[in-house]
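Subject: Structure handover

Hello,

Here is the structure I said I would pass on. Please open it first, then read the notes below.

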Amino acid sequence: MKLAEQAFNELFPGKNLEEYEFQVKYTDRFKPYNANVRYRRNSLQFNLSRKWRAISKEIQIGLIQGLMLRVFKEKNNTMNIDLYNNFMKNLHISVQKTNTDPILEKSFDRINEKYFFGLMERPNLVWHHSIRRLGSYEYGSDTISISRVLLEDSDLMDYVIYHEMLHKKFKFNSSNGRTCHHTKEFKEMERKFENSMEMEERLKRIGRKRNRLFGFF
Ligand SMILES: [Zn+2]
């Protein structure tokens, strides 16, 4: 049986497979290990980053099942979804760290010493030009990306990098197909940043809503 069909059957034993059409495509358009799904009428097209092709079928099934839960707005859990989540959480181990930048590296090292006992492994560190998204952390490439607008305020830059480092530390919690990135323990540790209240004020003064500041994460 093909990948998506098998994923569907195991996730929804009560649903009729015959009512749907499935397609899985591997593409170069995505960043490593990203994926999405297009749902039209009864047809589901899964687009997976080409990196997925080499990954075990069991893990790919978990990825596809997670996308199916989103499309059908259902909650469920499977062994494959657990395998997928564990895979994503451990990807950073095998990702090459080839991208870096002296300013970001200094900031990272500063925060690593102060808040993580110097124990956090350095991820890829890059700049981006978006001003809407101040920072992001990407699991698939183990990359923290920081907006160049933060060059004007190194304290705030440290705070945003700290936020992204917390994503690398805590990863995400997942249950029944729902994923939470900003967990209670995440928020508690975020508040431990020196002057975190003032940093929050500065973020507000930049004039953007908190939930948009960090983009996806
Ligand atoms: Zn975040």
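Gln65 sits in helix α2, residues 57-72 (helices are DSSP runs of H or I with at least four residues, strands are runs of E with at least two, both numbered from the N terminus). This is a predicted model, in which local features need pLDDT of at least 70 and side-chain atom pairs count only at pLDDT 80 or more, while totals for chains, interfaces and linings use all residues. Residues are numbered from 1 along each chain as its sequence is written, and side-chain values use heavy atoms, with hydrogens and water left out.

Is Gln65 buried or exposed? Gln65 is buried, at a relative accessible area of 0% (buried is under 20%, exposed over 50%, partly exposed in between, with a 1.4 Å probe and protein chains only). Its side chain makes a polar contact of 2.7 Å with that of Thr78 (a pair of N or O atoms within 3.5 Å; within protein, one must be able to donate a hydrogen and the other to accept it, and residues adjacent in sequence count only if both atoms are side-chain atoms). Beyond neighbours within four places in sequence, Gln65 touches residues including Ala7, Glu10 and Leu11 (contact means heavy atoms within 4.5 Å).

Now the sheet. Three strands form an open, mixed sheet in the order β4-β6-β5 (strands pair if DSSP finds at least two bridges between them). Its edge strands are β4 (124-128) and β5 (135-138), each pairing on one side only. β5 pairs with β6 (residues 143-147) in the antiparallel sense over four bridges, and Gly135 stands opposite Ile146 in β6.

Regards
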